[in-house]
Amino acid sequence: DDKPWTTASAFTRRDLLEWLGDQAPVAEAAWKAKAELDFLEVYTGEAEASRAVEHRGGTAIRLGLRWGQDFSRPRDRALSFYLLQELPVRHLWGSFPCTAFCAGVGLNLSKGCELTSRIAEGKMYLRHITEMAAYQRTHARKAHLENPLVSAAWRTNPMAQELRQP
């Protein structure tokens, strides 16, 4: 099975709690109450959406560099899937990096700038967030993806394929 969440089976809840750091009590409380997490914000910095959910009484976890997760590392990507397996999430909010897909990339490429590694990294992040969205969809949960409207990511596989799904 080549589904990315199958590699997550190598982890334990202890691994997940350590990875979540200061946010571990949110996951622990949900497990204890046998409750869902209202909101999981992925690739976030300031996490304004998470704050808004909490302000309204909901539960939220933030994932991204600012919160201790680096999705350039395979382990962190796998742990994100383990989190989805272990803690049902009502709404996944993915605001994935758009640098590789911004309007300026085409201009830079036309001027001979070497962007191969940047574009490859962007496609890896794109695969990660669309796989998370697909996992949510297959488990009848919501996924929301945020990126600038002019971003080429919307027209790039696997995003284009995911957006065609019901």
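These legends go with close-up views of a predicted model.

**View 1. An open sheet is built from 4 strands.**
Let's start with the strand order, which reads S2-S1-S3-S4, with parallel pairing. Strand S2 (60–63) and S4 stand at the edges with a single partner strand each, so one side of each has no neighbour in the sheet. On average, neighbouring strands here are turned by 15° against each other, direction ignored.

**View 2. Strands S3 and S4 run parallel.**
Look for strand S3 at residues 89–94, which 4 bridges join to S4. To pick out a pair of residues, find His91, whose bridge partner in S4 is Lys142.

**View 3. Helix H6 lies across strands of the sheet.**
Which strands does H6 lie across? They are strand S1 (37–42), S3 and S4. Compared with S3, H6 runs at about 160°.

**View 4. The second largest pocket holds about 190 Å³ of space.**
Helix H6 (116–138), strand S4 (142–145) and helix H7 (159–163) are the elements that give two or more residues to the lining of this pocket. S4 provides the largest share, with 4 residues.

Among the lining residues to look for are Ala133, Arg137, Arg141, Glu162 and Pro166. Lys142, the bridge partner of His91, is also one of the lining residues.

Key. Residues numbered from 1 in each chain as written. Predicted model: local features only at pLDDT ≥ 70, side-chain atom pairs only at ≥ 80, totals over all residues. Heavy atoms only, no water. 1 Å grid on protein atoms, 1.4 Å probe; cavity = no way out; pocket = protein on both sides within 12 Å on 5 of 7 lines; lining within 4 Å. Points joined across faces, edges and corners; volume = space filled by probe spheres on them. Pairing = 2+ DSSP bridges. Axes fitted to C-alpha atoms, helices over the stretch in contact; angles between N-to-C directions. Contact = heavy atoms within 4.5 Å.
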